[in-house]
Amino acid sequence: ALAPRAVVCGVAQLDAVPTGTEAYVSVGDQEAHGYAGRLPEALAEHSTLIVNEPEARLLAGVADAADAAYVLAERAGTAVVTIGPRGAIAVSDGELYAARGVDAGAVVDTTGAGDLFTAAYVWAGLRGMAAADRLRWAVLYASLSVTVRTATAGALTEAELIDEAARRGLPAFSPPTAKER
């Protein structure tokens, strides 16, 4: 009823995604075990699968994160694999993209870093950023979040994230105007 442009959901919720809505599918450890080697067909069109490295390897049945991303991208439009402090990789349209990890300081708590990674990846995608830039913004946001206790404390505002990205050399970005929102 709200006609969302994008949703983040689990594999089991794919059937509830409205037609024409971009789905960003997150898979946790339990789902990865349940869907290992047999992701549903519903994942195929207009979906981005976002998983961490162990989940990607389990789902794809391969030992290497990049190989897993390629295998998973055959089922989803795009496969994004977070690889911890090393950053993230993605395969989209048969092309591999990578974003190196960001040294934001000592790691205090990784709770919620994956959620913030996903939020930034979706945010960047909705603003029309290229695949490589989406990864860079998402890695930056997640990396900054782990330097404090809990994800909530590490969740920067949009303005803070844009300032930090500019400081670190990410592509310039202008927030949408009220009319564009």
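**Figure 1. The largest pocket of this predicted model holds about 770 Å³ of space.** The model is a prediction, so local features need pLDDT of at least 70 and side-chain atom pairs count only at pLDDT 80 or more, while totals for chains, interfaces and linings use all residues. Residues are numbered from 1 along each chain as its sequence is written, and side-chain values use heavy atoms, with hydrogens and water left out. A pocket here is an open set of points on a 1 Å grid over the protein atoms alone, where a 1.4 Å probe fits, with protein on both sides within 12 Å along at least five of seven lines. Its volume is the space filled by probe spheres set on the points, which are joined across faces, edges and corners. Lining residues have an atom within 4 Å of a point, and there are 34 of them, with Thr82, Gly84, Ala113, Gly114 and Ala142 nearest the centre. Strand S3 (47-52), H2, helix H4 (113-126) and H5 are the elements that give two or more residues to this lining. H4 brings the largest share, five residues. Helices (H or I, at least four residues) and strands (E, at least two) are DSSP runs, numbered from the N terminus. Sorted by class, the lining has 15 nonpolar, 14 polar and five charged residues; nonpolar covers Ala, Val, Leu, Ile, Met, Phe, Trp, Tyr, Cys and Pro, charged covers Asp, Glu, Lys and Arg, and polar takes the others, Gly among them.

Figure 2. Rings of Phe, Tyr and Trp (its six-membered ring) pair if their centres lie within 6.5 Å; planes under 30 degrees apart are stacked, over 60 edge-to-face, and the rest tilted.

**Figure 3. Trp123 and Trp137 make a tilted pair.** Their ring centres are 5.1 Å apart and their planes at 55 degrees. Trp123 belongs to helix H4 and Trp137 to helix H5, so to speak a link between distant parts of the chain, 14 residues apart. Both Trp123 and Trp137 are buried.

**Figure 4. Arg86 and Glu53 form one of five salt bridges in the structure.** A salt bridge is a side-chain nitrogen of Lys or Arg within 4 Å of a carboxyl oxygen of Asp or Glu. The closest N and O atoms of Arg86 and Glu53 are 3.0 Å apart. Arg86 lies in the loop between strand S4 (78-82) and strand S5 (87-92), and Glu53 in helix H2 (residues 53-60), so the pair ties together parts 33 residues apart in sequence. Glu53 is buried at 16% relative accessibility.

**Figure 5. Glu164 and Arg168 form a salt bridge.** Their closest N and O atoms come to 2.5 Å. Shared partners join Glu164, Arg167 and Arg168 into one network of salt bridges. Glu164 is buried at 15% relative accessibility, whereas Arg168 is partly exposed at 31%.

Conventions:
Buried means under 20% relative accessible area, exposed over 50%, partly exposed in between (1.4 Å probe, protein chains only).
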